[in-house]
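Okay, thanks for coming, everyone.

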Amino acid sequence: MVKEVLQKPDSFYDEFVRKPGTNPYSTHYCPGCGHGVVHKIIAEAMDDLGIREKTVFVSPVGCAVFGYYYFKCGNIQVPHGRAPAAATGIKRALPHSIVLSYQGDGDLAAIGGNNILQAANRGENITVIFVNNAIYGMTGAQMAPTTLIGQKTTTTPLGRSAENEGYPLRVSELLATLEAPVYIERVAITDAKHVMKARKAIRRAIQNQVEGRGFSFVEILAACPTGWKMLPVDANKWINDVLMDYFRLGMLKDKNGAAKPAEAVKKESLSTPTPETIIGILGEKQGPQDAYSQPVTDANFHNPRLKISGFGGQGILLLGQLLAQSAMLSNYCSTWLPSYGPEMRGGTANCHVIISDKHIGSPMVAETDVLIAMNLPSLDKFEHDVRKDGVIFVNSSLIERKVARNDVEVVAVPATEIADELDEPKVANVVMLGAYIGYTGLLSAESVLAAASRVVKRKEFMDINKKALTRGMHYAQKHKPQIVEVTA
Amino acid sequence: MARVFVKGNEAVIKGAILAGCRAFYGYPITPASEIAEAAALLFPKVGGTFLQAESEIAAINMVYGAAATGERVMTASSSPGISLKQEGISYAAGSELPMVVIDVMRGGPGLGNIAPEQSDYHQIVKGGGHGNYKVLVLAPNCAQEMCDLTALAFELADKYRNPVIILTDGFVGQMMEPVELPEPITELPAKPWAVAATAETSGNLISSIYLEPNELELHNKNLQEKFSNITKEEVRYEEIMTRDADLIVVGYGIVSRILQTAVEEARAEGKRVGLLRPISLWPFPSTPLQDLAQTAKAFLVVELSNGQMVEDVKLSLNGRRPTHFYGRMGGVVPTTKELREVIDGLLEKTEAFS
Ligand SMILES: Cc1ncc(C[n+]2csc(CCOP(=O)(O)OP(=O)(O)O)c2C)c(N)n1
Ligand code: SF4
């Protein structure tokens, strides 16, 4: 036993050269500190399991922040409390690695409380070593979430009181209520018998990860003689007599082999896609990149700045998108700018669309060439932004009043009624879009349908959209018959 | 390659995937959520990881962990979420980890609103986290640049082992425009410094700790040298009709688009106005501004803020030319007409000056 204690595991550096100071053989821990013992148990487990080279040791902030002085493996030092989050990023990036997250009670249970809870709940396939010494060692013996009632620390000089600070947190019990973790045990290292158990527990928690079983957690009650202002022997006695009474040792969760680690989910889809596949995925539903014609139009309808407005749910934003996208497919520059956020909920929705044969600066439409008003509040709100000789498309099914302006063109389209006739009230927006292109002749029906086919997934919907578009075009052309031939 | 019609926010993810990024960790917030949503849809399809973290703090630390392994990784948020990420960004700068962070700015302070503002300039360009560090900051003004500059951001992040932030606003994130997708990157740079859970990298350490003051000073000096190289190499900007301009307007992001229209209109009336648009906010295009100070009579900075970038313009010009400021806040975006009035007003004054 004695010989064993003196021997350095291979997973420790022979000389601790990263440690400042003159003695590269001793650790930076105080005499009797629990961290040193726990480190050794971990290093021996790494040796025995033959995992040193693929181990990544994650040390957040606490007395063990310098874990990288000792562990001869990949080391990543991370912010206070964030080890489980960083470990998640590491393990997801390196599914073959063995990630050890080593945290103190302040780190894990206070500042990083949510991070450990969520990583455990996700069932990350990592191993968490939780050193509970009931105090903040590194910063000079302040209260930890695990400090006992009555225990004196520098921030509870009269002892922790339940009234002011609440009760000590039993993290292992808390985590054991979660579905995902596969293994949770609390151990101590106060004597050889306890060390044996701790050794078994830590080994098991790492082995679980090696086997891809999922989240494993070992809490170790450890001494901080310096913080507790005790001699090492008294510190161990206090753990045995007092600390263990509140933090009961034993297995809290053991779910052998049942869980499927999150990282395995990733592995399943992990094939390196070819550039062609990536382009296919990102290009969405790419039709042939043919450019649609730019029909000749009246100069008044050229390079329009549009405002499209109506109720949320009328497909206002989609109308604008189809218009702007078909403009792109017709080799125009185009922009689409929505009103976004809570404003859209329940209330009005509007978007600004600019179509131009030149580069577009501001995507915002103030002075408006074309207003498409799908309901009355939209007409009320935007009628006066329309420039002289501009055009207002009015959904006459829902807007009973006349347009007050007499210096603009007004195109009244009973879009909702036409859509109802098609048995699909939702396509009133497409009827109106048809009316717009039918009236102005700015874009071809083909370009709009090509744009729609990129957005609309189901064929039945494409058919109804085509009908709606054609009906809208016909209606507008009756209104202004000298415009283009209908081809759709 | 393919031409798509997408939101700026979605263009970010396309650019990222084409640049070889295969991991996204984020937390939803308007007006940046479409970035996470696009990542959730697309990353698994290309064999990558998407995870909705429990908070922005968790997300940036997941990014930190993944970046330490050498993977190209990113996160995205909007102003309040970026405030939470600052600790992680400082750590990443200290540990010299490459990562890309997108900030789609919204109105503040506090919860503010979700409309576009540019009031994160100080927290992003001047620091935000603790310590003597800088992050490269790129400011796209259209969907195409949301894609292209995101791809560039990964390249710069790896080149300098430093976080790169894309600073944009609600309008650029939400608006849809045509985007020509670039070719996918097939070869990523080697990262021998990373902790890759291999025999060769098992001696590697990622850390921002330097206990000895002398060592930490040396580390800081090395960082400053890196930052000074970046200042020399990575300045990006666009000039529009500046050469004979009496008045130079300066704006980035969505503001530059409105200014461009205002400048074009003013030019059509024979007025000598030009636009300088910083594309990199750090490093800031100081030299181009100084050059313009030789010909221009005055400068006007327009921002959706209380006047943050204007400080850098003034520092660059160092009192050589009058520098005016016009700002809107709270999510109010000025119209072209409004900016025309400001510009015309200044031009009258500037003429009186000459
Ligand atoms: C954000 C932040 N807040 C506070 C600190 C200061 N700090 C360093 S370690 C620590 C507590 C450590 O206690 P614990 O996790 O129990 O580890 P121990 O030192 O007892 O092993 C604190 C508060 C910090 N480094 N970072
Ligand atoms: S202060 Fe406590 S936890 Fe820290 S090294 Fe000393 S004994 Fe160990």
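Let's start with a lysine. The side chains of Lys226(B) and Glu96(B) are joined by a polar contact of 2.9 Å. By polar contact I mean a pair of N or O atoms within 3.5 Å; within protein, one must be able to donate a hydrogen and the other to accept it, and residues adjacent in sequence count only if both atoms are side-chain atoms.

Before I go on, the housekeeping: this is a predicted model, where local features need pLDDT of at least 70 and side-chain atom pairs count only at pLDDT 80 or more, while totals for chains, interfaces and linings use all residues. Residues are numbered from 1 along each chain as its sequence is written, chains are lettered from A and ligands numbered from 1 in the order in which they are written, and side-chain values use heavy atoms, with hydrogens and water left out.

Back to Lys226(B), which sits in helix α8 of chain B, residues 213–233; helices here are DSSP runs of H or I, at least four residues, and strands are runs of E, at least two, numbered from the N terminus. Is Lys226(B) buried or exposed? Its relative accessibility is 10%, so it counts as buried. The scale is: buried under 20% relative accessible area, exposed over 50%, partly exposed in between, with a 1.4 Å probe and protein chains only. Not counting residues up to four places away in sequence, Lys226(B) touches Glu96(B), Tyr160(B), Arg161(B) and Asn162(B); contact means heavy atoms within 4.5 Å.

Staying in chain B, look at helix α1, residues 8–18. Ten of its eleven residues are buried, so the rest of the structure largely encloses α1(B). Among the buried ones are Lys14(B), Val12(B) and Ile13(B). Just after this helix, Gly20(B) takes a positive phi of about 90°.

Ile13(B) comes up again in the largest nonpolar core. That core has 160 residues, and Phe217(A), Ile13(B) and Met74(B) touch the most other members. Helix α6 of chain B, residues 143–160, supplies the largest share, eleven residues. A core, for us, is a set of buried Ala, Val, Leu, Ile, Met, Phe, Trp, Tyr and Cys residues joined through side-chain atoms within 4.5 Å. Leaving aside neighbours within four places in sequence, the contacts of Met74(B) include Val12(B), Ile13(B), Phe43(B) and Phe154(B).

Now the ligands. Where does ligand 1 lie? It's between chains A and B. There are 17 residues around it, and His35(A), Cys63(A), Asp105(A), Asp107(A) and Gly137(A) come nearest; to be counted, a residue needs a heavy atom within 4 Å. Helix α4 of chain A, residues 105–111, gives the most to that shell, four residues. A ligand oxygen is 2.7 Å from an N or O atom in the Asp105(A) side chain, and an oxygen of ligand 1 is 2.8 Å from a polar backbone atom of Gly137(A).

Ligand 2 has residues around it including His35(A), Cys63(A) and Gly137(A), along with Cys30(A), Cys33(A) and Cys224(A).

Last stop, Asp407(A), in the loop between β12 (386–395) and β13 (409–413) of chain A. With 27% relative accessibility, Asp407(A) counts as partly exposed. Its side chain makes a polar contact of 2.8 Å with that of Arg405(A). Beyond four places in sequence, Asp407(A) is in contact with Lys388(A) and Asp389(A).
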